[in-house]
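Dear colleague,

Please find the structure below, with the sequence alongside. My notes on what came out of it follow directly after.

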Amino acid sequence: MEIQKLSHASVLELLPDRHPEAHKGDFGKILLLCGSEGFTGAAALAAMGALRSGAGLVYLGVPRSIYAIEAVKLTEAIVFPLPEEDGKLSAAALAPILRRLPQMDAVLIGPGLGQSEGTLAVTREVLEEATCPVVVDADSINVLAAHKDILRERRHSTILTPHAGEFRRLGGQTGQGRVSDAVAFARDTGCILVLKGHETVITDGEECYVNPTGNPGMAVGGSGDVLSGIIVSLLGQKLPPLQAAACGCWLHGAAGDICAGEIGQYGMLPSDMVEVLPRLMK
């Protein structure tokens with residue numbers, strides 16, 4: 001299998017044009033299901049990653065107890081509260097989520113949700129009911145570790161974004177090498193896999209990209225939340241799922257490289273990466 005690498009020029013070619021007559025709905029309606037008590041930053045960073053990478057409308061559903069926090073943090077996102085139990089989404093959140101799903105162009109689920117029966121119930125139902133692409137990250141990956149049948153049975157695009165530890169919990173690490181393991185997992189589950197780390201691997205089992213951008217300064221809590229927000233934003237803007245994942249990784253890493261050059265790897269933050277994203281998309 002040929003390993004492909006993106007460049008800045010190839011990423012810009014894949015980004016959709018912004019027509020003068022366009023309105024906000026033309027640039028994607030995306031739903032983010034993120035956050036829990038004690039993990040409010042994940043939701044905010046994912047939402048800002050989506051907004052700064054061009055999403056037209058970002059809807060963020062969070063547990064009711066953190067709604068006020070997210071509403072203060074975020075000016076441009078449409079934040080709404082959902083039923084919860086012990087600070088995490090509960091199964092009662094499914095009804096309002098499912099009412100919104102048919103209007104969405106893409107969904108992100110997982111950042112900061114915490115691991116609970118409610119998280120599993122919401123993740124399972126979203127994957128079963130959503131006909132648009134879904135990005136599965138963080139805690140939604142962890143609760144699926146014992147339920148890979150849910151991934152195999154889904155008939156629409158699913159993008160998983162595990163780091164090495166999450167990939168091990170999914171049973172994807174065989175010792176054959178990162179690229180071989182990623183390709184085998186993608187073929188087995190029918191997912192697009194974004195195996196994060198140095199030279200992130202992005203594959204649908206048939207095509208494969210290795211991302212050349214990024215640096216160790218990005219190894220800080222919240223960085224992955226920004227990445228998942230960028231990917232779901234590009235999906236909402238109608239990039240093909242594999243290319244949306246690959247472009248998202250390139251942009252995220254390139255933003256980190258700008259921050260490393262201007263601030264230094266020791267002090268750079270995910271919020272810094274969010275702020276420089278627009279420089280890479282003009």
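Throughout this message, a contact, or one residue touching another, means heavy atoms within 4.5 Å. With that in mind, Lys196 touches Asp137, Thr161, Pro162, His163, Ala164, Arg178, Gly224 and Leu227, leaving aside residues up to four places away in sequence.

Before going further, a word on what this is: it is a predicted model, in which local features need pLDDT of at least 70 and side-chain atom pairs count only at pLDDT 80 or more, while totals for chains, interfaces and linings use all residues. Residues are numbered from 1 along each chain as its sequence is written, and side-chain values use heavy atoms, with hydrogens and water left out.

The whole protein

The protein contains 12 helices and 12 strands; these are DSSP runs numbered from the N terminus, a helix being H or I over at least four residues and a strand being E over at least two. Its radius of gyration is 17 Å, which agrees with the value near 19 Å that a compact globule of 282 residues would have (the radius is taken over C-alpha atoms, and the globule rule is 2.2 Å times the number of residues to the power 0.38). Along the principal axes, the C-alpha atoms fill a box of roughly 45 × 45 × 40 Å.

Of the 282 residues, 56% are buried, where buried means under 20% relative accessible area, exposed means over 50%, and partly exposed lies in between, with a 1.4 Å probe and protein chains only. Among contacts with a separation of 6 or more, 68% are accounted for by residues 24 or more positions apart. The accessible surface comes to about 11800 Å², and carbon and sulfur atoms hold 51% of that surface (areas come from the Shrake-Rupley method with a 1.4 Å probe, and for residues only the protein chains shown count as cover). There are 23 positive and 32 negative side chains, and the centres of the two sets lie 1 Å apart; Lys and Arg count as positive and Asp and Glu as negative, whereas His and the chain ends are not counted, and each charge is placed at NZ of Lys, CZ of Arg, CG of Asp or CD of Glu.

The buried residues of H2 are Thr40, Ala42, Ala43, Ala44, Leu45, Ala46, Ala47, Gly49 and Ala50, and what covers them includes strands E2 (29-33), E3 (57-63) and E7 (106-109) together with helices H3 (67-73), H10 (223-236) and H12 (270-276). Just after H2, Gly54 takes a positive phi of about 105°.

Helix H9, residues 178-189, has 12 residues and reaches 16 Å between its end C-alpha atoms, close to the 16 Å expected. Asp181, Ala182, Val183, Phe185, Ala186 and Thr189 are buried in H9, and their cover includes helices H7 (148-153) and H8 (164-169) as well as strands E9 (158-160), E10 (192-195) and E11 (201-203). Just after H9, Gly190 takes a positive phi of about 75°.

Backbone angles and single residues

Most residues other than glycine have a negative phi. Ala138, although not a glycine, has a positive phi of about 50°; Ala138 lies in helix H6, residues 138-143, and counts as buried at 16% relative accessibility. Glu199, likewise not a glycine, has a positive phi of about 55° and is found in the loop between E10 and E11, where Glu199 is partly exposed with a relative accessible area of 35%.

Leu15, in the loop between helix H1 (8-14) and E2, counts as buried at 13% relative accessibility and touches Leu234, Leu239 and Met281, not counting residues up to four places away in sequence. Ala77, in the loop between H3 and strand E4 (78-82), counts as buried at 10% relative accessibility and touches Ala47, Leu51 and Val58, on the understanding that residues up to four places away in sequence are not counted.

Key. Expected span 1.5 Å × (residues − 1).
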